[in-house]
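Please look over the structure below before reading on. The briefing then goes through it topic by topic.

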Amino acid sequence: MLTARSETPDVIKGLKLGADDYVTKPFNEEELLARMEALLRRTRVPTEDKHFLLFNGLEWNEESMELKYKSQVISVTPKEFALIGLFIKNPQKVYSRDHLLSLIWGLKSQIDDRTIDSHIRNLREKLRSAGFPIDKHLFTVWGIGYKWVNEDPKVPINEKIFI
C-alpha cells in the first residue's frame, strides 16, 4: 500500500486486510523500488527444480526452451515462453498487466502494458494452431489481467508434473 495515512491503526488495518507492505507519503522512490523488488523476489516461483512441466499434453521445457503439444514443437518467443511457464506454474492466480511486465520484462522496463495483450494474443493463436485447447485454460480477467485455470474435469488443477 502506498498511502498518506501513517497512524499505527491505519498501518495495522492495511496489513491485516492483505497488504504485503505499507509505505506512507512522502516516500523515497529508491526505497519504494527496493521494497517492490524484495516482494517480487519473495513471490517469484523458484525455477531450479521446475525445469520441465507437463500439463494436459503441453510440455514446457526450460532447459531446451521448447514448448510442445503432443510432441509437436510450438515456436514461441522468449517472452511468450516465459509467460506460459509462469501461468502453468501458478494456476488460478490472476496477474495484472503491470505485474506480468515486472515479472517477465523486469522492473526497469519502459514497455507499455498493452504489450502484454499482444503477447497473449500471439501465444493463444500459436497454441490454438497446434491444437491445444487454450481457451479452456488462459482467461482474460476484464479490467485486471490474465489467469490460468484448468477446466478439464479429467485433469485436477494440482496435477502438474515437475521433473
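## A side chain meets the backbone

A polar atom of the Glu80 side chain lies 2.9 Å from the backbone nitrogen of Thr77. This is a predicted model: local features need pLDDT of at least 70, side-chain atom pairs count only at pLDDT 80 or more, and totals for chains, interfaces and linings use all residues. Residues are numbered from 1 along each chain as its sequence is written, and side-chain values use heavy atoms, with hydrogens and water left out.

- Glu80 sits in helix 3, residues 78–89. Helices (H or I, at least four residues) and strands (E, at least two) are DSSP runs, numbered from the N terminus.
- Is Glu80 buried or exposed? Glu80 is buried, because its relative accessible area is 1%. Buried means under 20% relative accessible area, exposed means over 50%, and partly exposed is in between (1.4 Å probe, protein chains only).
- Leaving aside neighbours within four places in sequence, Glu80 is in contact with His119, Asn122, Leu123 and Lys126. Contact means heavy atoms within 4.5 Å.
- Asn122 belongs to helix 5, residues 114–129. Asn122 is partly exposed, at 35% relative accessible area.
- Asn122 and Thr77 are 45 residues apart along the chain, and their C-alpha atoms are separated by 9.6 Å.

- Helix 3 has 12 residues and spans 17 Å from its first C-alpha to its last, close to the 16 Å expected at 1.5 Å a residue. The expected span is 1.5 Å times one less than the number of residues.
- Nine of the 12 residues of helix 3 are buried, so helix 3 is largely enclosed by the rest of the structure. Among them are Phe81, Leu83, Ile84 and Phe87.
- Helix 4 is also largely enclosed by the rest of the structure, because seven of its nine residues are buried. They are Arg97, Leu100, Leu101, Ser102, Leu103, Ile104 and Trp105.
- Gly106 follows helix 4, with a positive phi near 100°.

**The largest pocket**

- The largest pocket holds about 420 Å³ of space. On a 1 Å grid over the protein atoms alone, a pocket is an open set of points where a 1.4 Å probe fits, with protein on both sides within 12 Å along at least five of seven lines; lining residues have an atom within 4 Å of a point. Grid points are joined across faces, edges and corners, and a volume is the space filled by probe spheres set on the points.
- The lining has 16 residues, and Met1, Asp20, Arg35, Met36 and Leu39 lie nearest the pocket centre.
- Which helix gives the most to the lining? Helix 2 does, with seven residues. Helix 2 (29–43) and helix 4 (97–105) each supply at least two.
- The lining residues divide into nine nonpolar, three polar and four charged. Ala, Val, Leu, Ile, Met, Phe, Trp, Tyr, Cys and Pro count as nonpolar, Asp, Glu, Lys and Arg as charged, and the others, Gly among them, as polar.

**Backbone details in the loops**

- Most residues other than glycine have a negative phi, and most peptide bonds are trans.
- Lys25 and Pro26 are joined by a cis peptide bond, with omega about -10°. Pro26 is in the loop between strand 2 (23–24) and helix 2.
- Met65 is not a glycine, but its phi is positive, near 55°. Met65 lies in the loop between strand 4 (58–61) and strand 5 (66–69), and is partly exposed at 44% relative accessibility.
- Gln92 is not a glycine either, and has a positive phi of about 75°. Gln92 is in the loop between helix 3 and strand 7 (94–96).

Terms used
Polar contact = N/O pair within 3.5 Å; in protein donor to acceptor, adjacent residues only side chain to side chain.
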